[in-house]
Amino acid sequence: MTTDALATPLQFLKGVGPRRAADLARAGLTTVEDLLYRFPLRYEDRSRLQPIASLKTGQSASIAGRIVHCGLRSTRRPGFKIFEALVKDETGGLRVTWLNQSFLRDVFSPGQHVVLFGPIEMRGSGGLQLTNPQYEILEDDDTETIHTGRIVPVYEKTGAVTPKIQRRLVHDALQKLSDDLPEPLPEALRVRHRFPGRYAALVAAHFPPADANLDELNRLATPAQQRLIFEEAFLFQIGVLARRRAAAAEIKTAAIRVDDRIRESARRVLPFKLTAGQRTALKEIVEDLQRPHPMNRLLQGDVGAGKTIVALLAALVTMENGLQVAFMAPTEILAEQHFLSISTLLQASRFRVALLTGSTGGVKRREQLAEVASGAVHLVVGTHALVQGDVVFNRLGLVVIDEQHRFGVLQRATLREKGWHPDVLVMTATPIPRTLALTLYGDLDTSVIRDLPPGRLPIKTVAKPESRRDDIYDLVRRELTAGRQAYVIYPLVEESAKVDLKAATEMADHLTHDVFPEYRIGLLHGRMKADAKDRVMSAFAAGQFQILVSTTVVEVGIDVANATVMIVEHAERFGLSQLHQLRGRVGRSQHQSYCCLIYQSPLSEDARSRLKAMTDTTDGFQIAERDLELRGPGDFFGTRQAGMPTFRLIDLVRDHHLLALAQGEAARCLEEAPPSPAALAKMLENWNTRFRLIEIG
Ligand code: ADP
Ligand code: MG
């Protein structure tokens, strides 16, 4: 009965009609469970009832008393009414007023016992009054008050559903439930961590006992609250681990072997010595490749750490074993760039590389598809369309996904549907904060490259207001004179795309005519056709012009080692990770590089913190942590990243320790006391929809 009780739609609660149900639904609350698994915004201590005689102005107070008389009073302002009551306790009387709430006429009557909570104010004429208080009318047999006389929960208003209405709903919902709610946490675990039972925790989280600590409550640190947060983390992790086990049970297309011939072949394509970090990552990847089960690995590394070559070596091992590789980039420009560099690196090998993007059309495309299908082409570079569309591989062994966090995981299902069980290597654009790595990538193994290729000088970063633009132009001139190149980046926000495009175009003109007439300047923006973009990028890479003015299409991955200056216009509009990505476009050679963040004053507090983080450190791992703190996890990945789980109670930053604990406990549970398949299925019921991970198979 109780499972159903939690699933009860809210409109079955007393006082919830279609209108309120709609308001609640808009806030994501449709069942009793939804309602109960949402913490109050805050808790207020209305517990100490104060004698009326002791009240002072300027405080909020809870009082209990009897209504002596009450009624509606008109004021001089037309249509403006005051409901007024005189309330008495043993120590004295107090005037109580509510502005413009005429309906109270039907609520209060003399003789009633009431509990009131609100601000005590001084009336013009002298005495004190209680203004617009929260109220509760006590029935004679009422033992429990819910709005006053205790620590009360204050909920976020949703539409016309006030905090007070919600308090009543939550209270009613809890009354209807009982202590025999299904308990998703194993008994032993609960005992180990002294977590209260589920029902007790729900009750205490909404209607805390009298001795609860207000400060702890507001930090969501009481045992009851912690238990509920943990419960969510635990179920999430159980699902992640179960999925991981399912993946581990898959068997790959073909086994991969590594011998001296293959090692030699890798050595031949390698243009430099790998860093220690790259070597370790490659070793971990190649070990995975040799296992019978498909690899599911995330390769993390800061911008410029050299992830591409590691992936390419993994690709080489795969191809040497007679299998094909799909190499996917998030944009066409990046796909083209990967194609160029991979083709160059593989020139000396016998492997054939093809580029397949949306703009490859007609006969050419059909020919290429045929060659991929026959196995004549060994490595295909493209965008995500590669595994989604009409592309058929002969023997797909490895999928490399560059610069997209969740993407790789999402694609597994698509791959499986096509009957493919390749190894999958996902590479991140920027480091992922530890917290997120724990939760979002619990189903992936992780390799981290912490070092940078040798000889890199830390990039010097400055943040300057508009008015100091000339200093920056001086710096640019110095660098250009020394033969280097520079980027000037404009923000591109969808709504103002036109304006930004205009700004970028005008800046390119201005720089050409007024500031750097002796240099050549190129313009790159999102509205250009792919081949036009490509021409500009290639010309810049070839040094045919010195300054590239661009909207953020160069954001990820572009690699022009001779560029040493990155100027970001309107730096205050960019997110921290994005700024770090942009900065990573320079500092790719032995020359000193510079990143200049030009901002428009006044800066918001947040923008100031972002710019400060940028000038404080060049460590992408630290930047990622800062970014997560500043923006919150919801925005961390931006809108492009599908598949971010949504949690009801968990805050990825605040609850870091509970997430880590839950991960350990989930693993222990599956190891030591695995639930029966039926129990597991029950635990994971609605897992995908619950965490909004519907796309994942
Ligand atoms: P990211 O990790 O950001 O994708 P890339 O793979 O684009 O970085 O590498 C950045 C640059 O560093 C490239 O120009 C690459 O050729 C170079 N590089 C990578 N590894 C090394 C290394 N071990 N020694 C010297 N240069 C390297
Ligand atoms: Mg890269």
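Predicted model: local features only at pLDDT ≥ 70, side-chain atom pairs only at ≥ 80, totals over all residues.
Before I come to the helices, let me say that axes here are lines fitted to C-alpha atoms, for helices over the stretch in contact, and that angles run from 0 to 180 degrees between N-to-C directions. Helices (H or I, at least four residues) and strands (E, at least two) are DSSP runs, numbered from the N terminus. Residues are numbered from 1 along each chain as its sequence is written, chains are lettered from A and ligands numbered from 1 in the order in which they are written, and side-chain values use heavy atoms, with hydrogens and water left out.

I start with helix 21 and helix 22, whose axes come within 10 Å and cross at roughly 175 degrees. That makes helix 21 roughly antiparallel to helix 22, since angles over 145 degrees count as such. On the side of helix 21 the contact (heavy atoms within 4.5 Å) is made by Asp606, Ser609, Arg610, Ala613 and Met614, and on the side of helix 22 by Ile623, Arg626 and Leu630. By class, these residues divide into four nonpolar, one polar and three charged.

Helix 22 (residues 620-631) also meets helix 20 (residues 576-583), their axes coming within 8 Å and crossing at roughly 155 degrees. Helix 20 and helix 22 are therefore roughly antiparallel to each other as well. Here Leu576, Ser577, His580 and Arg583 of helix 20 touch Gly620, Ile623, Arg626, Asp627, Leu630 and Arg631 of helix 22.

Another backbone feature is at leucine 220, which has a positive phi of about 55 degrees although it is not a glycine, and which is found in the loop between helix 7 (214-218) and helix 8 (223-249). As background, most residues other than glycine have a negative phi, and most peptide bonds are trans.

The next pair is helix 9 (residues 260-269) and helix 11 (residues 307-320), with axes that come within 10 Å and cross at roughly 140 degrees. The contact is made by Arg261, Ile262, Ser265, Ala266 and Val269 of helix 9 and by Leu313, Leu316, Val317 and Glu320 of helix 11.

Finally, the ligand. Which of the 16 residues around ligand 1 (a heavy atom within 4 Å) come nearest? They are Lys273, Gly304, Thr308, Arg456 and Asp559. Among the polar contacts (pairs of N or O atoms within 3.5 Å), a polar side-chain atom of threonine 308 lies 2.6 Å from an oxygen atom of ligand 1, and one of lysine 307 lies 2.9 Å from an oxygen atom of ligand 1.

Conventions: Near = heavy atom within 4 Å. Polar contact = N/O pair within 3.5 Å; in protein donor to acceptor, adjacent residues only side chain to side chain. Parallel < 35°, antiparallel > 145°, perpendicular 65-115°, else oblique. Nonpolar A, V, L, I, M, F, W, Y, C, P; charged D, E, K, R; others polar.
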